[in-house]
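Dear colleague,

I am passing on the structure below, and I would be glad if you could look it over before reading the notes that follow.

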Amino acid sequence: MSDNNTGSNEPTEPGDAVHEQRQSPKRVIGTPAQDGRLLVTAEGEPAPHGAGAELDEESAKRAERVVALFFLLAALGSVGFIAAYVYAGTLGENGMHGVDDAQVSNYLLGGGMTVAMLAMAIGVTIWVRRLMTSKQIIQKRGNLYSDEPTREEFATNFLEGAGDSAVTKRPLLRRTLLLAAAPLGLAPLVLLRDLGPLPEKRLRHTFWGEAVKHAKEHGKKGVRLVVDGTNRPLRVSDFATPGSMITVLPEGIEESHHAMNDIAKAVTILINIPADRFKPVKGRENWHVNGIVAYSKICTHVGCPAALYEQTTHHILCPCHQSTFDATDGAKVIFGPAARSLPQLPLAVEDGYLIATGDYPEPVGPSFWERG
Ligand code: FES
């Protein structure tokens, strides 16, 4: 029968050297031998470059400079990424760029990050392969808690490892690595800017406050309520039917600099509640006009328009997640996920017209405000 390993038909005997060789398959680098050793080089071949306790200083210096160059390239890539991000924000009006600009910005951002990550990876790889020395460390398994000599041995090995990695000996590498790592770590942070500008205190006030202030400067008690859509000031007599609801805004809001934003925050529902059902909130007894009350139309859950009004129950419903507010009782929540009442606007009458005498006392909109 033929021998597949050698192709020879020569018979062999146990104990014969040729027989042993034929019976043991050739070992592959990296596989453990029967005695547990790992074969890291082909037998008889020299150790790979860089392995061993000593390095040729001349070639190590060359490798060090190459690694440093890659780290510098990584730093430039990260800085380029940040610069591309800032530049992309200047494209288009108010940073609202079109498809072409978005493509350019994606290329620049992707290019910068690719250069940074690739150069960093190449630098670290060359460092490991050309500059780190390697030696076998044998550690016996013992108790979880290490005794003093073991810990000392670990500390010694650790320091030796640091020395072998060339971190302590090669300040150029250390510094360029830090230089490369710092902007690379910063790059994802600048993306937080996409969450938008800080709201500051702008969302705590609405145009009602500004309009009331302006009206008072001109000798008025407050600002008139105008009907959304027609901008017609609303007389008390125009809204005399109990059970009715209408959407109103402060007079003059159309001329404000940021009319759309201001309207979005100031939009208000006006409800005429029958006298026998109305329960004024303590401390707000004079905030209504004969049962006419004003609440913010923005749901305090996640901000949908709470604009469904049930005349028989006087409930205000938000269609998004079914939060329900009691219009007769300060718009407090009686059902659903909203956590707080709809803010109430203080009302009065001036020259027969309904007016607001102040801003909402609390922020309008979703209820994360009280947590921040
Ligand atoms: S937004 Fe109104 S219930 Fe969710």
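The axes of helix α2 (residues 57-88) and helix α3 (residues 99-131) come within 8 Å and cross at roughly 160 degrees, where helices are DSSP runs of H or I of at least four residues, numbered from the N terminus, and where axes are lines fitted to C-alpha atoms over the stretch in contact, with angles running from 0 to 180 degrees between N-to-C directions. Helices α2 and α3 are therefore roughly antiparallel to each other, a label given to angles over 145 degrees, while angles under 35 degrees count as roughly parallel. The crossing of α2 and α3 is left-handed, meaning that the near helix is turned anticlockwise from the far one by less than a right angle. The residues of this contact divide into 25 nonpolar, five polar and two charged; Ala, Val, Leu, Ile, Met, Phe, Trp, Tyr, Cys and Pro count as nonpolar, Asp, Glu, Lys and Arg as charged, and the others, Gly among them, as polar.

Please bear in mind that this is a predicted model, in which local features need pLDDT of at least 70 and side-chain atom pairs count only at pLDDT 80 or more, whereas totals for chains, interfaces and linings use all residues. Residues are numbered from 1 along each chain as its sequence is written, and side-chain values use heavy atoms, with hydrogens and water left out.

Helix α5 (residues 171-190) and α3 have axes that come within 11 Å and cross at roughly 150 degrees, and α3 and α5 are therefore roughly antiparallel, with a left-handed crossing. The axes of α2 and α5, by contrast, come within 8 Å and cross at roughly 20 degrees, so these two helices are roughly parallel, and their crossing is also left-handed.

The unreviewed UniProt entry lists residues 66-87 and 107-128 under "transmembrane region", though such annotations may be inferred rather than shown by experiment. In the model, residues 66-87 are 100% helix and 0% strand, with end C-alpha atoms 31 Å apart, and residues 107-128 are likewise 100% helix and 0% strand, with their end C-alpha atoms 31 Å apart.

With kind regards

Key: Angles under 35 degrees count as roughly parallel, over 145 as roughly antiparallel, 65 to 115 as roughly perpendicular and the rest as oblique.
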